[in-house]
Amino acid sequence: MAPPAADLVIVFRGSARTKQGAIDAEAQYTHLTETLKKGGLTAVGRRGTRDGQVLIFVKAPDNLLAQLVQAERYRDFVNGVPSYTLPNVARDYASDPLSPAERIRFTHTYVITAPTDDGLGIAPGVAEWSRVESIMALHDRDFNEHWIKSWTSKKLGVGFSDDELDGVKNQFGEQLALYFAFLSFYTKSLIVPVALGLASFWLSKPFNPYYSVALSAWSIVFVEWWRLKQRSISIRWGSFGAEKVQLRRSQFKGANDSNDEHDDTTFPWWKRESRILASLPVIAVFATALTLLLTTIFVVEAFVTQLYTGPAVRYVSLTPTAMFLLLVPRLVGFYQKYAVSLTGWENHVHELAHEKSLAFKTFAMSSIVAFGGLYLSAFVYVPFGEQIMQLVQETFFTSPTARSSSVTDEKIASVKDAKKVLNPDRLKNQVFAYLITNQVIGEFLEVGVPSLLRFVGWAKEQAAETEVGKKGLKKMGLDNEKTDDAAASSVSQEEKTFLDDVRRQVALPAYDVFVGALVNNWVEIRGDAIKIATYGRRPLPRRTDTIGPWMEILTFLTWQGALVNSALVYLFYRGSTNPVRDAEFIAEPLSTSFERTLRAAIFPAALIALSTSHGWLVFRAIIRHILVRAVWRGSEGAVKLAKCEKDVKKGWLKTVGGAAEITASSGVNVKIAGAVAGEVKGVKATAPGLTGVPTTFWDVDEGLSEVRRGSKAL
């Protein structure tokens with residue numbers, strides 16, 4: 001008997017510490033399975049990875065999938081998403097069957113969407129389903145094995161053909177396929193800055209203005225070109241404009257049950273904006289704490305380690321690294337928990353707005369960690385290095401009894417000589433470390449560490465099985481065991497192997513999409529494929545036409561890069577004048593020295609950066625104008641989009657008044673012309689492991705017995 005197929009697996013926590021908790025767990029499990037079955041889904045529970053945990057396998061019958069497909073086509077048409085046919089023309093499943101990703105996406109969207117948008121409203125974080133820990137899809141092991149083998153042993157480059165991207169899209173959905181398309185496009189685009197960097201390194205001086213302008217121009221061209229590229233890809237996949245269709249989040253808490261997402265009475269807009277504003281001070285506190293921590297590490301690393309010559313000097317030099325490794329990740333992790341809570345508290349109606357808000361919060365802190373050291377070196381260490389060195393000396397290394405005028409003058413003189421040590425080479429070294437060292441470490445943390453942890457887990461599992469065998473005991477979930485259901489004893493070996501694999505997948509972390517340099521990206525593409533197939537749960541498919549909020553973040557980074565580049569060129573370019581190099585700081589009060597540095601270097605650099613900001617806006621408008629005409633107009637995607645819109649409008653005019661209707665309800669009552677109950681030709685159950693659906697699997701439910709067994713001691 002072949003292992004059963006399941007579109008989704010709902011992880012349910014049935015354990016309880018009190019009798020009332022056990023009663024509530026049993027009631028919620030019963031309510032959950034009844035809701036799934038009343039919604040037209042097939043659902044059955046099996047024992048999970050620990051006592052009290054239940055894995056609810058969910059499968060959508062073919063006729064329900066056909067209804068969900070048709071409902072999405074109506075929503076697309078109503079929201080202005082380009083379509084190749086009218087929504088009242090039934091989909092031809094013989095020539096256009098559902099892909100595995102589509103099957104999972106339709107089922108998952110139906111399960112988690114709020115009842116006001118014709119979903120079931122079952123999702124983690126919803127008060128009604130407090131015991132639902134997560135919802136996941138199962139890996140297709142055969143596809144994963146072929147995919148990894150193809151990308152690691154047969155493919156040497158970074159470019160992907162349309163067929164390769166289509167294969168990823170059909171298995172994992174548009175979002176993940178678009179991520180790999182972006183990574184490939186980005187890697188190939190890096191050839192330009194690599195060539196510019198080599199030419200600048202060999203032929204010009206550091207901080208060359210021409211190189212800076214060329215790099216800023218390339219960044220603008222890259223972002224604007226990708227904007228058109230993703231549009232073309234999404235048109236080919238039929239997902240262009242998909243972000244217009246946004247279903248209500250089940251976690252959204254409105255004031256009433258209004259089905260109108262634009263009705264402010266559900267949750268007034270000013271209340272959400274007030275909560276967003278209230279979140280800013282919390283974010284500012286964490287950002288300030290992180291900035292102070294990084295500044296402290298910077299001062300210790302840049303100044304204290306150079307001045308200290310006392311006991312254990314060798315270990316003092318390791319202090320900054322230890323501080324960074326021990327404190328920064330903890331602070332960032334603590335902040336991330338607050339960011340998730342604050343974003344949920346903001347109560348966004350749609351998932352896209354929720355993800356966008358969380359992405360910006362995450363980027364704000366990550367950018368401080370990534371660029372904080374570079375900014376301190378560029379705008380603090382070099383311009384104010386002498387003064388800070390003097391301040392550190394007087395604060396930490398000069399005793400009060402030794403502060404005579406002769407000693408102070410001697411210290412100031414030594415600080416003036418510090419220009420030979422404090423130079424822009426530190427900034428270049430930090431950039432190199434950021435580009436090379438950090439990426440190597442990051443890749444090891446993403447791929448190497450999960451491999452080691454998986455090996456350790458496997459070793460522990462083998463040791464545990466050996467110990468269990470010695471004692472004559474049977475391990476939960478890996479052997480036949482006595483349950484309340486007599487039918488469980490007749491489970492086939494294939495089914496036990498299948499359940500064993502599912503439990504291993506449940507223990508894996510969820511894969512987060514969108515979390516380099518030329519060589520690093522070659523490794524990143526293959527590393528991400530391995531992580532998806534081996535070290536994480538299967539990503540839930542999502543239909544999209546863009547890389548989401550990261551498109552705006554990329555645009556911000558190009559603007560920020562232009563400002564910083566112009567300031568760095570002004571401060572450090574070794575041309576005829578250099579405000580940092582030419583500034584003379586005589587023996588004068590420290591406050592006066594700071595003031596002279598601000599006037600001579602920092603204020604002019606800020607004005608130049610401000611002027612560059614305006615130039616960036618003009619230059620981006622010119623680049624966008626040129627690329628639209630050179631790359632987009634007349635392209636296959638543009639022609640296809642215009643043709644399908646025109647054909648659909650012509651067809652609509654011929655059939656005005658004959659459109660089918662959608663009945664909004666908590667169930668699935670979408671009226672479909674020609675749809676009948678039962679099997680729909682072409683809608684195939686393509687979930688992993690299906691070669692035939694055994695009746696016995698879906699007839700045996702261990703959920704209630706497992707919930708009761710987990711609380712039997714109570």
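Predicted model: local features only at pLDDT ≥ 70, side-chain atom pairs only at ≥ 80, totals over all residues.
**Group meeting: a sheet, its helices and some salt bridges**

Residues are numbered from 1 along each chain as its sequence is written, and side-chain values use heavy atoms, with hydrogens and water left out.

Back to the strands. Strand E1, residues 8–13, pairs with strand E3, residues 53–59, in the antiparallel sense over 6 bridges. Pairing here takes at least two DSSP bridges between two strands. Helices (H or I, at least four residues) and strands (E, at least two) are DSSP runs, numbered from the N terminus.

The whole thing is an open sheet of 4 strands, ordered E2-E3-E1-E4, with antiparallel pairing. Which strands stand at the edges? Those are E2 (42–47) and E4 (132–136); each has a single partner strand, so one side of each is left without a neighbour in the sheet.

Now the helices on it. Helix H1, residues 19–38, lies across E1, E2, E3 and E4 and runs at about 160° to E1. Helix H15, residues 493–506, also packs on the sheet, touching E1, E2, E3 and E4, and its direction makes about 110° with that of E3. Contact means heavy atoms within 4.5 Å; axes are lines fitted to C-alpha atoms, for helices over the stretch in contact, with angles from 0 to 180 degrees between N-to-C directions.

On to charges. A salt bridge is a side-chain nitrogen of Lys or Arg within 4 Å of a carboxyl oxygen of Asp or Glu, and by this rule the count comes to 19. One of them joins Arg 105 and Glu 72, at 2.7 Å from N to O. That pair links distant parts of the chain, with Arg 105 in helix H3 (residues 100–112) and Glu 72 in helix H2 (residues 62–78), 33 residues apart.

Are Arg 105 and Glu 72 buried or exposed? Both are buried, meaning under 20% relative accessible area; exposed is over 50%, and partly exposed is in between (1.4 Å probe, protein chains only). Glu 72 also forms a salt bridge with Arg 543, their closest N and O atoms being 3.9 Å apart, and Arg 543 is buried too. Put together, Glu 72, Asp 76, Arg 105 and Arg 543 are linked in a network of salt bridges.

Last one: Arg 542 forms a salt bridge with Glu 355, at 2.3 Å between the closest N and O atoms. Glu 355 counts as partly exposed, at 28% relative accessibility.
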